[in-house]
Amino acid sequence: MGYGYLIIAGAIMLFSWLVSAQLKSKFELYSKLQLRNGMSGREIAEKMLADNGITDVRVISTPGQLTDHYNPSDKTVNLSEAVYNHRNAAAAAVAAHECGHAVQHAIGYEWLTMRSKLVPIVSVASNYVQWILIAGILMIKVFPGLLLIGIIIFAATTLFSVITLPVEYDASNRALAWLQNKHMLTPEEQAGAKDALKWAARTYVVAAIGSIATLLYYISIYSGNRRN
């Protein structure tokens, strides 16, 4: 695929690793900052849902690390075991963030609605798009349309990555505002929660930038072939 692709892929992998490593370090740091109010991640989540008048969302535990998510299809806030049971600033930040998604769902936040509509398309496209792009590059001289099809499909996954950014940042802003307005955390705990969510959001920024850069690379290959 040429040196251009290798440079892009290498840069993306490097930045992704750096951000992921920093995120892990931050969560380890703030996991040691125990909450003065003594509340667990589950209790934080249940209170935030109640304070926002949401009564039809369950808070459940899910196995794994950093597996926390909100599932709009069955209305569940899924918290990893470390977040669900623990009583520290990192757990509070993650629990409130996932409840931020539940609030978005409850009020019909437009960016979340748009992302949810793309989920079925992206889930199918992600299984085949790389193979289509590779085949498109190999067959570009005889069947350039195949690469164009791959680009269009990959553009859908890139759009999903971009739309994810306002969804994630908004959920974090809702979480931090609630934690502060309800005086759930001490100033030190609040600062830790804010820092942890900041680094979590940056993983999505790196993913979006990487997806855009990769899309532009494939477009350049297709355009170059047409000029030739």
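Predicted model: local features only at pLDDT ≥ 70, side-chain atom pairs only at ≥ 80, totals over all residues.
Looking at the pair as a crossing, helix 2 passes helix 4 in the right-handed sense.

With both helices still selected, show the side chains where they touch: helix 2 contributes Gly41, Ile44, Ala45, Met48 and Leu49, while helix 4 contributes Ala91, Ala92, Ala95, Ala96, Cys99, Gly100, Ala102 and Val103. Sorted by class, this contact of helix 2 with helix 4 comprises 11 nonpolar and 2 polar residues, with no charged ones.

Next, colour the spans that the unreviewed UniProt entry lists as "transmembrane region", namely residues 6-23, 118-140, 146-167 and 204-223. In the model, residues 6-23 are 100% helix and 0% strand, and their end C-alpha atoms are 25 Å apart. Moving on to residues 118-140, the end C-alpha atoms lie 28 Å apart, and this span is 91% helix and 0% strand.

Finally, turn to the aromatic side chains, where the count comes to 2 aromatic pairs. One of them joins Phe154 and Tyr218, whose ring centres are 6.1 Å apart and whose planes stand at 70 degrees, so the pair is edge-to-face. Selecting both residues shows a link between distant parts of the chain, since Phe154 sits in helix 6 (residues 144-181) and Tyr218 in helix 7 (residues 187-227), 64 residues apart.

How values were computed: Residues numbered from 1 in each chain as written. Heavy atoms only, no water. Left-handed = near helix turned anticlockwise from the far one by under 90°. Helix = DSSP H or I, 4+ residues; strand = E, 2+ residues; numbered from the N terminus. Contact = heavy atoms within 4.5 Å. Nonpolar A, V, L, I, M, F, W, Y, C, P; charged D, E, K, R; others polar. UniProt positions renumbered as here; feature names shortened; annotations may be inferred. Phe/Tyr/Trp six-rings, centres within 6.5 Å; stacked < 30°, edge-to-face > 60°.
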